[in-house]
Amino acid sequence: MNYDKIKPEIIASIRRYADQHCPTGDFLRAVLENDLKEAVGRADDYNIRVIPEIVRYCYNEIPCNCWGSPERVKTWLGPIKAGA
């Protein structure tokens, strides 16, 4: 798939999260937690337009057990990183 609309730094942050269990910023955390209201509220002028592409990337490119709910994200990050 082609993810050219997503900023490279967004993809890099998602990859760090998925591959190394690193926390993301608030916008991506809201996307990963499947919190549309929070994601829209935290998105900048560019990312607001590509939220569907970011979700598509997550759906197709990262493990399903690391995103989709606050509980999954918290578990993926572990007890120390979850509060960061």
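My entries on this structure follow.

I noted at the outset that this is a predicted model, in which local features need pLDDT of at least 70 and side-chain atom pairs count only at pLDDT 80 or more, while totals for chains, interfaces and linings use all residues. Residues are numbered from 1 along each chain as its sequence is written, and side-chain values use heavy atoms, with hydrogens and water left out.

**Ser 13.** I found Ser 13 in helix α1, residues 8-20 (helices are DSSP runs of H or I with at least four residues, numbered from the N terminus). Ser 13 counts as buried at 10% relative accessibility (buried means under 20% relative accessible area, with a 1.4 Å probe and protein chains only). Setting aside neighbours within four places in sequence, I saw that Ser 13 is in contact with Thr 24 and Leu 28 (contact means heavy atoms within 4.5 Å).

**Aromatic pairs.** I searched the whole structure and found two aromatic pairs (rings of Phe, Tyr and Trp, the last by its six-membered ring, pair if their centres lie within 6.5 Å; planes under 30 degrees apart count as stacked, over 60 as edge-to-face and the rest as tilted). Tyr 3 and Tyr 57 form an edge-to-face pair, 4.9 Å centre to centre with 80° between the planes. This pair links distant parts of the chain, since Tyr 3 is in the segment before α1 and Tyr 57 in helix α4 (residues 47-61), 54 residues apart. Both Tyr 3 and Tyr 57 are buried.

The ring centres of Tyr 17 and Trp 76 are 6.5 Å apart and their planes stand at 45°, so I recorded this pair as tilted. Tyr 17 lies in helix α1 and Trp 76 in helix α5 (residues 70-81), 59 residues apart. Tyr 17 is buried at a relative accessible area of 1%, and Trp 76 counts as buried at 16%.

Methods. Helix = DSSP H or I, 4+ residues; strand = E, 2+ residues; numbered from the N terminus. Buried < 20%, exposed > 50% of the residue type's maximum accessible area, 1.4 Å probe, protein only.
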